[in-house]
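Please look over the sequence and the structure before reading on.

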Amino acid sequence: MSEEVIAFIGGGNMARSLIGGLIADGQPAASLRIAEPDAERRESLVREFGVQAFEDNATAARGADAVMLAVKPQTLATAVRPLANQLREQQSVVISVAAGVRSADIGRWLGGEDVPVVRAMPNTPALVKTGATALYATPAVNEAQRNLAETLLRAVGMVVWLPDEAQMDAVTALSGSGPAYFFYTMEAMQAAAEAQGLSTETARLLTLETALGAARMALESSEDPATLRRRVSSPGGTTAAAIEALQAGDLAGLYQKALAAAAARAGEIGDDLGAH
Ligand SMILES: NC(=O)c1ccc[n+]([C@@H]2O[C@H](COP(=O)([O-])OP(=O)(O)OC[C@H]3O[C@@H](n4cnc5c(N)ncnc54)[C@H](OP(=O)(O)O)[C@@H]3O)[C@@H](O)[C@H]2O)c1
């Protein structure tokens, strides 16, 4: 684990998950500093993880190698503007997990393009250490800072790098919003199983375990999901009958539309958040 000092601006759900993951991975508690306005939340972070917590953002960020921005997207500009001079002097890398906020806007709020900014798009399973995060680094980010950002986000799941920040809208549509698509599918499968006569509890458990098992098999297999699907769909069999019904309803076409709608909305939200 890194010996660098890491400051979190905002000590809410995402910060708590990252801190928990980092401590579990062996990051020394003394290297983690959190700024959080809520006294109760500060005390709970100190009690649970032994980290240092401050009411004031500038104090928490003092001397930090990395400053992790973990406030709501709407409050990011207000939170970071007062830190502009300090972060430039310290040459801290700024890592933002705020959904939709573009690195150029963060750079602008911090006083210029030369501020090293890493933008991260984690998803909610990060709260249970199975997140999927995409990262993008501005040209001002050096190799050591890239590695540090990657280490931090890997504490809550897997990480991929994007060569182009414009791809963040597609990532938001896929993995950012994606957990909800799977929840919706689980909801629909459970309801359909109940309609076939299973009890709510049995339908729920079998749905969730099937989702987990399918995801694990797909991750551990060298075959792609289409091959795995064909393998369990013998001609004239039960799975083939179900897949035919899904194809007749154009499930693949619906996903094309759903992701396009989400990506377009991500772009609009980015425009709104940057208009400060
Ligand atoms: N949760 C996820 O799984 C997830 C996934 C992807 C991205 N994200 C991103 O992660 C960021 C944080 O989300 P979250 O779920 O952790 O939100 P959260 O639980 O609301 O945490 C934000 C924390 O920041 C504090 N805060 C507000 N203004 C502040 C300021 N000016 N300076 C310092 N701290 C301030 C808030 O305190 P008060 O409540 O007292 O205002 C709150 O404790 C968001 O930008 C979100 O887009 C989260």
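## Overall fold

The structure is a predicted model. The protein has 276 residues, of which 42% count as buried. Its secondary structure consists of 13 helices and 8 strands. The C-alpha trace extends over about 70 × 40 × 35 Å when taken along its principal axes.

## The ligand site

The ligand sits in the second largest pocket. There are 21 residues around the ligand, and those that come nearest are Met14, Glu36, Arg41, Val71 and Ala99. By class, the shell divides into 11 nonpolar, 7 polar and 3 charged residues.

## Loop residues with positive phi

Most residues other than glycine have a negative phi. Gln91 has a positive value, with phi near 55°. Gln91 is placed in the loop that joins α5, residues 84-90, to β5, residues 93-96. Gln91 counts as exposed because its relative accessibility of 63% is over the 50% cut-off.

Asp250 likewise has a positive phi, near 55°, and is not a glycine. The loop that holds Asp250 runs between α12 and α13, the latter spanning residues 251-274. At 42% relative accessibility, Asp250 lies between the limits of 20% and 50%, so Asp250 counts as partly exposed.

## A buried loop residue

Ser233 is also in a loop, here between α11 (225-231) and α12 (238-248). Is Ser233 buried or exposed? Its relative accessibility is 16%, which is under the 20% cut-off, so Ser233 counts as buried. The side chain of Ser233 makes a polar contact with the backbone of Arg229: a polar side-chain atom of Ser233 lies 2.7 Å from the backbone oxygen of Arg229.

## Strand β5

Strand β5 contains Val94 and Ser96. Val94 has a relative accessibility of 0% and counts as buried. Ser96 is buried too, with a relative accessible area of 0%.

Each of these residues can be set against a residue elsewhere in the chain. Val94 and Gly11 are 83 residues apart along the chain, and their C-alpha atoms are separated by 16 Å. For Ser96 and Ala53, the separation along the chain is 43 residues and the C-alpha atoms are 19 Å apart.

## Separation in sequence and in space

How far apart in space are Arg62 and Ala245, which are 183 residues apart in sequence? From C-alpha to C-alpha, Arg62 and Ala245 are 59 Å apart. Arg62 belongs to the loop between α3 (57-61) and β4 (66-69). With a relative accessible area of 54%, Arg62 is over the 50% cut-off and therefore exposed.

Asp105 and Leu273 give a second pair, 168 residues apart in sequence. Their C-alpha atoms are 8.5 Å apart in space. Asp105 is found in helix α6, which covers residues 103-109. Asp105 is buried because its relative accessible area, 11%, is under 20%.

How values were computed: Residues are numbered from 1 along each chain as its sequence is written. This is a predicted model: local features need pLDDT of at least 70, side-chain atom pairs count only at pLDDT 80 or more; totals for chains, interfaces and linings use all residues. Side-chain values use heavy atoms; hydrogens and water are left out. A residue is near a molecule or strand if one of its heavy atoms lies within 4 Å of it. On a 1 Å grid over the protein atoms alone, a cavity is a set of points where a 1.4 Å probe fits but cannot get out, and a pocket is an open set with protein on both sides within 12 Å along at least five of seven lines; lining residues have an atom within 4 Å of a point. A molecule sits in a cavity or pocket if more than half of its atoms lie within 2 Å of its grid points. Ala, Val, Leu, Ile, Met, Phe, Trp, Tyr, Cys and Pro count as nonpolar, Asp, Glu, Lys and Arg as charged, and the others, Gly among them, as polar. Helices (H or I, at least four residues) and strands (E, at least two) are DSSP runs, numbered from the N terminus. Buried means under 20% relative accessible area, exposed over 50%, partly exposed in between (1.4 Å probe, protein chains only). A polar contact is a pair of N or O atoms within 3.5 Å; within protein, one must be able to donate a hydrogen and the other to accept it, and residues adjacent in sequence count only if both atoms are side-chain atoms.
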